[in-house]
Amino acid sequence: MPRISAIGKYLDQPLLTAKINKSVPAVLGVGSAAIFANSMMQTPKDERKKTGIQLGLTLLATALSAINAPKIAAFVTGRKPTLTVNQIKSLNSKVVDDFLNNNSVGKKIAGILEKSKENILSLKEINVLFGNDKTKKVAQELIPPPDNITSKDIFREIGWLSVYGAIPVVGGIAGGIAGDKFTDDKWKKKVPNKLKEGAYQYLANIFLCNIGAGVALGLLEKANIKSKAARCVGMVTGILLTGVIGGSFIANYIGKKLINPLVNEKSNDVRTPELLDLGLHTDDIATVSLLSGLKWIEPSLPLLYSVSGYRAGIGYRNSKDSK
């Protein structure tokens, strides 16, 4: 098996994805603690209590919502929830036991199969299983090939991704408002910026990018273009047109015409894209990968979407406007 294919198979191991998923709460916790500690060090002593409450609640709400987003989004959209580590181990054990009970293989291959019940296989071990005609089928059961999502599945996946991305943003806003309410008598004045930043983060960095990728994939499917490279290029183009270019304009328009009147806000500030905003489009790589059928990228979503939730929670606008 070519090395690139072996790497792809290695990353596609359900047990690897499940173990990464399991580590996400710890990673989010450490990341949130680092942001909190850094902010406290930069805050004057007489303001640390107030800042600590505001920032702590924002980070806590964002992290908790990001961690629970997969289950909530799966429930809302009717998508099958991700299997746990123990569930995958149980399935692997059944597949391997059924195979070994009905097939005779060498000691080396039997050892690799036994290992696959509980542990992640190495590149070399994957090569052995997929390179042997006798074990290729069982290897594909242990490490299923990527799903080639069709037009019928596109908007189901987009719906799931869009709900998924909305949850950390809503959580961040709720945590930010709660933090302000506990520490600032004029907390209501900060709400409009949180809502507008939330709209900006969700529309420009998440939802419209998903729509652009999905529409592009639908058009490619209609044109009977099945090349994964062409699908990726098409989806990236769709993301650029709807999210990166159009998302900022649409989010600002909604902020001005809908959110401002709802909260009696007269400010017509315009949120312009910044370097970090462009960096946040790394979650679009996850969108493209998932819509291309690659599931190993999925565990990164809570980490990527939580950045948008945090920025919404602090009501970030532009650097020049925040000073």
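## A ring cluster

Let's start in helix α8 (residues 151-183), where you'll find W160 and Y164 sitting 4 residues apart, about one turn of the helix. A quick word on naming: helices (H or I, at least four residues) and strands (E, at least two) are DSSP runs, numbered from the N terminus. Keep in mind that this is a predicted model, where local features need pLDDT of at least 70 and side-chain atom pairs count only at pLDDT 80 or more, while totals for chains, interfaces and linings use all residues. Residues are numbered from 1 along each chain as its sequence is written, and side-chain values use heavy atoms, with hydrogens and water left out.

Searching the whole structure turns up 4 aromatic pairs. To pair, rings of Phe, Tyr and Trp (its six-membered ring) need centres within 6.5 Å; planes under 30 degrees apart are called stacked, over 60 edge-to-face, and the rest tilted. One of the pairs is W160 with Y164, an edge-to-face pair with 5.1 Å from centre to centre and 80 degrees between the planes.

## Who else joins in?

Are W160 and Y164 buried or exposed? W160 is buried, at a relative accessible area of 2%, and Y164 counts as buried too, at 2% relative accessibility. (Buried means under 20% relative accessible area, exposed means over 50%, and partly exposed is in between, using a 1.4 Å probe and protein chains only.) Y164 also pairs with Y305: the ring centres are 5.7 Å apart and the planes sit at 65 degrees, so this pair is edge-to-face. Y164 belongs to helix α8 and Y305 to helix α13 (residues 301-313), so the pair ties together parts that are 141 residues apart in sequence. Y305 is buried, with a relative accessible area of 0%. Put together, ring pairs link W160, Y164 and Y305 into a cluster.

Now for P70, which has its place in helix α3 (residues 48-77). Leaving aside residues up to four places away in sequence, P70 touches W160 and Y164; a contact here means heavy atoms within 4.5 Å. P70 itself counts as partly exposed, at 23% relative accessibility.

## The overall picture

Zooming out, the protein has 14 helices and 0 strands. Of its 323 residues, 43% are buried. Among contacts with a separation of 6 or more, 77% are between residues 24 or more positions apart.

K9 lies in helix α1 (residues 3-11), and K9 and I126 are 117 residues apart in sequence but 7.4 Å apart in space, C-alpha to C-alpha. Although K9 is a lysine, its relative accessible area is 16%, which puts K9 in the buried group.

## How α2 meets its partners

The axes of helix α2 (residues 14-42) and helix α4 (residues 85-102) come within 9 Å and cross at roughly 165 degrees. That makes α2 roughly antiparallel to α4. The labels go like this: angles under 35 degrees are roughly parallel, over 145 roughly antiparallel, 65 to 115 roughly perpendicular, and the rest oblique. Axes are lines fitted to C-alpha atoms, for helices over the stretch in contact, and angles run from 0 to 180 degrees between N-to-C directions. The crossing of α2 and α4 is left-handed. (Left-handed means the near helix is turned anticlockwise from the far one by less than a right angle; right-handed means clockwise.) In this contact, P14, L15, A18, K19 and K22 of α2 meet V85, I88 and K89 of α4. These residues split into 5 nonpolar, no polar and 3 charged. Here Ala, Val, Leu, Ile, Met, Phe, Trp, Tyr, Cys and Pro count as nonpolar, Asp, Glu, Lys and Arg as charged, and the others, Gly among them, as polar.

The axes of α2 and α13 come within 11 Å and cross at roughly 35 degrees, and this crossing is right-handed. V24, V27, L28 and I35 of α2 make the contact with P302, L303, S306 and Y310 of α13.

## α5 against α6

Helix α5 (residues 107-116) packs with helix α6 (residues 123-130) at an angle of about 115 degrees, their axes 10 Å apart. Their crossing is left-handed. Which residues of α5 and α6 make the contact? From α5 come K108, I109, I112, L113 and K115, and from α6 come E125, V128 and L129. They divide into 5 nonpolar, no polar and 3 charged.
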